[in-house]
Amino acid sequence: MQSFRLWSEEEREISMLQTLGELEEQKNIWIFGYGSLVWRPEFTYEESRHAILEGYSRSLCLWSCVNRGTPEQPGLVFGLKHGGICEGRVYRIPNENILGQFRMLWKREMPSASYVPMWLNCQTEEGIVKALVFVMDTETDAYIGDLSEDETIDIVLNASGTYGPCHEYVIQTSDALARSGVKDDELCCLSEKIRQRLR
């Protein structure tokens, strides 16, 4: 956590515009949710589909110093690491006010340089869609990739931030994924162990 720094509004705006500029046309945009975006998207969407992203896997690999922790007692939130597959949801946002929607999304998902926003192909039952995906930047100090299950649980149980306790975040994500038909046995098992420790 040595170099944790929140981005300025200008830095977020530059990142957002660069990402949107990679599209041939700014309409019919899809966003891939694999964590809290599944249960608290905070954007309007016109369509949602179950989706599979190949080459990446969901992991509690990102230190959280604001939303689910503090600089003194950081929590953990989900990021996407290279390798494996990740099941989630894709959301198609309206074509109106795309800049306004993306500014809100960037404020939430890109408060710092911890994620790399990418346009990646996601498989759905109705075919492949190219969606915006927030991938973990493993070169930042915010990345933590080699925690044991016990270490992960201890961190999750002891951290809390502006959005509330870290353990609520993990359990809510696990429950929301299950409700939406996303299978993640490892997260389900971790969530149950956290519940047991809370009892």
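## Helices H5 and H6

In H5, His167, Val170, Ile171, Thr173, Ser174, Asp175 and Leu177 meet a set of residues in H6: Leu187, Cys188, Leu190, Ser191, Ile194, Arg195 and Leu198. Sorted by class, this contact has eight nonpolar, four polar and two charged residues. The model is predicted.

Two packed helices are described by the angle between their axes and the distance between the axes. H5 spans residues 166–179, and its axis comes within 9 Å of the axis of H6. The two axes cross at roughly 135°. H5 and H6 are therefore oblique to each other. Their crossing is left-handed.

## Helices H1 and H3

H1 covers residues 9–20 and H3 covers residues 98–109. Their axes come within 10 Å and cross at roughly 125°. That makes H1 oblique to H3. The crossing of H1 and H3 is right-handed.

Which residues of H1 meet H3? They are Arg12, Glu13, Ser15, Met16, Leu17, Thr19 and Leu20. On the H3 side, the partners are Ile98, Leu99, Phe102, Arg103, Trp106 and Lys107. By class, the contact holds seven nonpolar, two polar and four charged residues.

## The largest pocket

Rolling a probe the size of a water molecule over the atoms shows where empty space is left. The largest pocket holds about 570 Å³ of space. Its lining is made of 30 residues. Nearest its centre lie Asn67, Val77, Arg108, Glu109 and Pro111.

H3 gives the largest share, four residues. So how does the lining of the largest pocket divide by class? It has 18 nonpolar, six polar and six charged residues.

## The second largest pocket

About 390 Å³ of space lies in the second largest pocket. Here 17 residues form the lining. Ser59, Leu60, Thr152, Glu186 and Leu190 lie nearest the centre. Leu190 of H6 also belongs to the contact with H5.

S2, S3, helix H4 (149–158) and helix H6 (185–198) each supply at least two lining residues. The largest share, four residues, comes from S2. By class, this lining has seven nonpolar, four polar and six charged residues.

Conventions:
Residues numbered from 1 in each chain as written. Predicted model: local features only at pLDDT ≥ 70, side-chain atom pairs only at ≥ 80, totals over all residues. Heavy atoms only, no water. Axes fitted to C-alpha atoms, helices over the stretch in contact; angles between N-to-C directions. Parallel < 35°, antiparallel > 145°, perpendicular 65-115°, else oblique. Left-handed = near helix turned anticlockwise from the far one by under 90°. Contact = heavy atoms within 4.5 Å. Nonpolar A, V, L, I, M, F, W, Y, C, P; charged D, E, K, R; others polar. 1 Å grid on protein atoms, 1.4 Å probe; cavity = no way out; pocket = protein on both sides within 12 Å on 5 of 7 lines; lining within 4 Å. Points joined across faces, edges and corners; volume = space filled by probe spheres on them.
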